[in-house]
Amino acid sequence: MSAVPPWLKKSLATLATVAVTILGLLFVTFMIGRVMPIDPVLAVVGERATQAQYEATYQALGLDKPLLVQFGIYVGNVLSGDFGESIRTGQEVTADIARVFPATLELATLGTLIGVVLGVPLGVIAAVKRGSWIDQLARLVGLIGYSMPIFWLGLVGLLLFYGILGWVGGPGRLGIFYQGIVEPVTGMLLVDAALRGEWAVFRDAFSHIILPASLLGYYSLAYISRMTRSFMLDQLNSEYITTARVKGLSEWRVVWGHAFRNILIQLVTVIALAYANLLEGSVLTEIIFAWPGLGSYITTSLLSNDMSAVLGGTIVIGTIFVAINILSDLLYRVFDPRAK
């Protein structure tokens with residue numbers, strides 16, 4: 001009997017880990033829905049419902065069944081894409097999430113790009129110029145990014161760049177004049193406007209997204225630059241870097257061709273985690289800028305006791321986080337031949 005190939009073993013182990021993680025996520029969200037001090041029946045029928053209506057809804061929701069059976073039904077519904085109906089909007093939670101998630105995806109993607117484009121070079125230069133004023137400035141920028149509450153930065157940014165200087169658009173994704181001009185294709189306004197050739201809409205959408213995206217980008221820049229600096233310092237202190245310099249290689253080639261190339265594997269995970277954090281952690285930013293994304297949707301639903309929407313959004317975010325971690329693991333094999 002032939003042995004199981006190593007790649008197949010690793011693939012099966014990864015699938016098993018993902019399955020257990022997703023099942024654990026579903027169990028946690030299921031229990032949250034059961035322990036919250038909110039009657040799911042009253043949330044559906046209202047407080048003026050009769051006892052007969054209450055009992056009928058109680059049975060229709062499957063709450064009369066054993067807890068294990070309820071969990072099995074819950075898992076089956078989620079795996080089939082059924083998160084229930086939102087009490088607040090009166091629509092399927094799946095449809096609501098499909099409508100609001102592109103806004104969060106667009107915001108987090110642009111924020112991550114800003115963080116990577118600025119944070120990686122800043123971290124590399126800080127490591128190369130260790131102890132210099134550039135290094136001190138980079139560390140100060142990172143410290144401020146970690147210390148300042150993002151809601152405070154958001155309010156100050158709106159006051160300065162929108163209220164006083166008028167350099168950016170205000171809250172929301174688009175000005176009133178441009179509403180409804182571009183028909184949604186991807187749900188991401190910048191992409192849809194570019195596809196349709198509506199450059200006036202593109203400019204207006206960009207003026208609205210650039211400030212919140214820059215704040216999120218600054219938040220991720222602080223993390224990415226700090227980790228890049230740490231990784232680069234380890235490489236620059238290695239013997240092979242000393243050998244490369246003794247051989248007469250240019251400093252540019254030593255830094256970017258050797259040291260930086262060897263930290264790409266670690267940076268993949270750092271950038272993936274930064275992206276996942278922006279996808280799930282942009283709630284305050286979305287609220288401050290009236291950004292109609294998933295974080296704002298979950299928060300509004302929570303305040304409205306709309307638990308189906310809250311749990312559905314939580315499951316989507318958790319699944320995305322798991323998927324991004326799997327993707328970063330796959331990218332390891334691209335940058336590191338030893339992992340193949």
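Of the 340 residues of this protein, 39% count as buried, meaning under 20% relative accessible area, with exposed being over 50% and partly exposed in between (1.4 Å probe, protein chains only). Welcome to a predicted model, in which local features need pLDDT of at least 70, side-chain atom pairs count only at pLDDT 80 or more, and totals for chains, interfaces and linings use all residues. Residues are numbered from 1 along each chain as its sequence is written, and side-chain values use heavy atoms, leaving out hydrogens and water.

**Overall build**
- The protein has 14 helices and zero strands, taken as DSSP runs numbered from the N terminus (helices: H or I, at least four residues; strands: E, at least two).
- Along the principal axes, the C-alpha atoms fill a box of roughly 85 × 75 × 40 Å.
- Contacts (heavy atoms within 4.5 Å) between residues at least 6 apart in sequence join residues at least 24 apart in 71% of cases.

**Aromatic rings**
- The whole structure holds eight aromatic pairs; rings of Phe, Tyr and Trp (its six-membered ring) pair if their centres lie within 6.5 Å, and planes under 30 degrees apart count as stacked, over 60 as edge-to-face and the rest as tilted.
- One of them is the edge-to-face pair of Phe 30 and Phe 71, at 5.3 Å centre to centre and 65° between the planes.
- This pair links distant parts of the chain, with Phe 30 in helix α1 (residues 6-35) and Phe 71 in helix α4 (residues 67-79), 41 residues apart.
- Phe 30 is buried at 2% relative accessible area, and Phe 71 is buried at 13%.
- Ring pairs also join Phe 27, Phe 30, Phe 71 and Tyr 74 into a cluster.
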